[in-house]
Amino acid sequence: MGHFDKVNGSLSYNMKTPNKTQMNFVIDTDSINTSWAPRDKHLKTDDFFNVVKYPTMTFKSTKVVFINPQQAKVTGNFTLLGKTKPLTLDVTLKKIGNSPMTKEPVIGFRATGNIDRVAYGMTTFAQGITTNVPIQIDGELIEKKAK
């Protein structure tokens, strides 16, 4: 298990046209954190994330289909190691309320999916460890204020 410490994203949503929602994420691959420094160092090499050549991986939505007001299937293009392939994420809105810190409205969400790392060229130890990698993105959406 691990996570990335540096993730930026945006979501454009209009209640009148929810299926035109746009969701984009940029993940800093050098921010991999598995709580074991030697493993993190190896994951940053060209055996895995090759952070020098590919400092980010991205997801850009192309289609959003709401199942109900709290759940959607978000299909988009996921880019890892310079290869872009379609990926569908299951997105669930967890909570809508005011942040206890800022008192501003926020929407908590979770997006989940799976990728086959070999399809992106990450083949090191493909025979010894799983190539199916679950993805989980937890976040809060905060309204962008007009300047």
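A contact here means heavy atoms within 4.5 Å. On that basis, residues 24 or more positions apart account for 44% of the chain's contacts with a separation of 6 or more. The model is a predicted one, so local features need pLDDT of at least 70 and side-chain atom pairs count only at pLDDT 80 or more, while totals for chains, interfaces and linings use all residues. Residues are numbered from 1 along each chain as its sequence is written, and side-chain values use heavy atoms, with hydrogens and water left out.

The overall layout comes next. The chain has 1 helix and 9 strands, taken as DSSP runs (H or I, at least four residues, for helices; E, at least two, for strands) and numbered from the N terminus. Going along the sequence, the pattern reads β-β-β-β-α-β-β-β-β-β. The C-alpha trace spans about 45 × 30 × 25 Å along its principal axes. As for burial, 29% of the 147 residues count as buried, with buried meaning under 20% relative accessible area, exposed over 50%, and partly exposed in between (1.4 Å probe, protein chains only).

On to the charges. There are 20 positive and 12 negative side chains, and the centres of the two sets lie 6 Å apart. Lys and Arg count as positive and Asp and Glu as negative, leaving out His and the chain ends; each charge is placed at NZ of Lys, CZ of Arg, CG of Asp or CD of Glu. Side chains of opposite charge can pair when their charged atoms come close. The structure holds 3 salt bridges, each a side-chain nitrogen of Lys or Arg within 4 Å of a carboxyl oxygen of Asp or Glu.

One of them joins Lys-44 and Asp-30 at 3.4 Å, N to O. Lys-44 sits in the loop between helix H1 (37–43) and strand E5 (56–68), and Asp-30 in the loop between strand E3 (22–28) and strand E4 (32–33), so this pair ties together parts that are 14 residues apart in sequence. Lys-44 is partly exposed at 26% relative accessible area, and Asp-30 is partly exposed at 41%.

Another salt bridge pairs Asp-90 with Lys-73, the closest N and O atoms being 2.6 Å apart. This pair links distant parts of the chain, with Asp-90 in strand E7 (residues 83–98) and Lys-73 in strand E6 (residues 71–80), 17 residues apart. Asp-90 is partly exposed at 33%, and Lys-73 is partly exposed at 37%.

Asp-138 and Arg-110 also form a salt bridge, with 2.6 Å between the closest N and O atoms. Here strand E9 (residues 132–142), which holds Asp-138, is linked to strand E8 (residues 105–116), which holds Arg-110, and the two residues are 28 apart.

Most residues other than glycine have a negative phi. Asn-50, not a glycine, has a positive phi of about 45°. Asn-50 lies in the loop between H1 and E5 and is buried, at 18% relative accessible area. Phe-125, also not a glycine, has a positive phi near 60° and is placed in the loop between E8 and E9.
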